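These are my notebook entries on one protein model. I set down what I looked up, in the order in which I looked it up.

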Amino acid sequence: MANLFAAAHLIADILTNNKLFANNATGLLATGGVIWATNVITFGLWYWDLDRGGAAARAHRPYANPALVFPEMQHTDYAPTTWVPIFADYLVLAFWTATAFSPTDISAIKRWPKLLMMMEAVASLGIGGLVIARAINILQ
């Protein structure tokens, strides 16, 4: 939540023409990059922690009640039938959601991951779009 607050604060600073980054495009890009990267890691942790009831529930019942369907689950010719996602798979979902602003090859089949993916895409779009636009404006 602190990182989402930091993102909102940065966006508010840009929109209100705060002088914090008035002449410092490098600082603005670095701050935006750190907030964006932290969001990707945070959303990856949320996906990992919430899918199938969380990590503890997955340890006891790894195949029960998925909220996200990964390609490996559907293509058993290329992955073993015992394949289960690990944190890196959820991190990839978070990264592609933050960069593509659209669904990835991983399908959300429940409402909570759909809404979480939407929230991540909106945050990334706001951070990326405004930070890059303001940095370009500073450099001109």
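**Entry 1: aromatic residues.** Which residues form one aromatic cluster? I found that Trp36, Phe95 and Trp96 form it. I note at the outset that this is a predicted model, in which local features need pLDDT of at least 70, side-chain atom pairs count only at pLDDT 80 or more, and totals for chains, interfaces and linings use all residues. Residues are numbered from 1 along each chain as its sequence is written, and side-chain values use heavy atoms, with hydrogens and water left out.

A pair of aromatic rings is described by the distance of the centres and the angle of the planes. Rings of Phe, Tyr and Trp (its six-membered ring) pair if their centres lie within 6.5 Å; planes under 30 degrees apart count as stacked, over 60 as edge-to-face and the rest as tilted. I then looked up phenylalanine 95 and tryptophan 96, which form an edge-to-face pair with 5.0 Å centre to centre and 75 degrees between the planes.

Entry 2: Tryptophan 48 counts as partly exposed because its relative accessibility is 29%. Phenylalanine 87, at 28%, is partly exposed. I read 33% for phenylalanine 95, which is partly exposed, and 44% for tryptophan 96, which counts as partly exposed.

**Entry 3: the chain as a whole.** I recorded 6 helices and 2 strands in the chain. Helices (H or I, at least four residues) and strands (E, at least two) are DSSP runs, numbered from the N terminus. From the N terminus on, the order of the elements is α-α-α-β-α-α-β-α. The C-alpha atoms fill a box of roughly 55 × 30 × 20 Å, taken along the principal axes. The chain has 140 residues, of which 37% count as buried.

**Entry 4: helix 1.** Does the span of helix 1 agree or disagree with 1.5 Å a residue? The 14 residues of helix 1 (residues 2-15) should span 20 Å, and the end C-alpha atoms are 20 Å apart, which agrees. The expected span is 1.5 Å times one less than the number of residues. I listed the buried residues of helix 1 as Asn3, Ala7, Leu10, Asp13 and Ile14. Seen down the helix axis, these buried residues fall within an arc of 125 degrees, so they line one face of helix 1. The arc is that of the directions from the helix axis to the C-beta atoms. On the other side of helix 1, I found Ala2, Phe5 and Leu15 exposed.

Entry 5: Side chains of opposite charge can pair when their charged atoms come close. How many salt bridges does the structure hold? I counted 1 salt bridge, the term meaning a side-chain nitrogen of Lys or Arg within 4 Å of a carboxyl oxygen of Asp or Glu. Arginine 52 forms a salt bridge with aspartate 51, and the closest N and O atoms are 3.4 Å apart. Arginine 52 and aspartate 51 are both buried; for arginine 52 the relative accessibility is 7%. I located arginine 52 in the loop between helix 2 and helix 3 (55-60). Arginine 52 has a positive phi of about 60 degrees although it is not a glycine.

**Entry 6: asparagine 65.** I noted a positive phi of about 50 degrees for asparagine 65, although it is not a glycine. Asparagine 65 lies in the loop between helix 3 and strand 1 (68-69). Asparagine 65 counts as exposed because its relative accessibility is 52%.

**Entry 7: proline 103.** I found proline 103 in the loop between helix 5 and strand 2 (107-108). With 69% relative accessibility, proline 103 counts as exposed. Proline 103 and tryptophan 83 are 20 residues apart in sequence and 22 Å apart in space, C-alpha to C-alpha.

Definitions and conventions
Buried means under 20% relative accessible area, exposed over 50%, partly exposed in between (1.4 Å probe, protein chains only).
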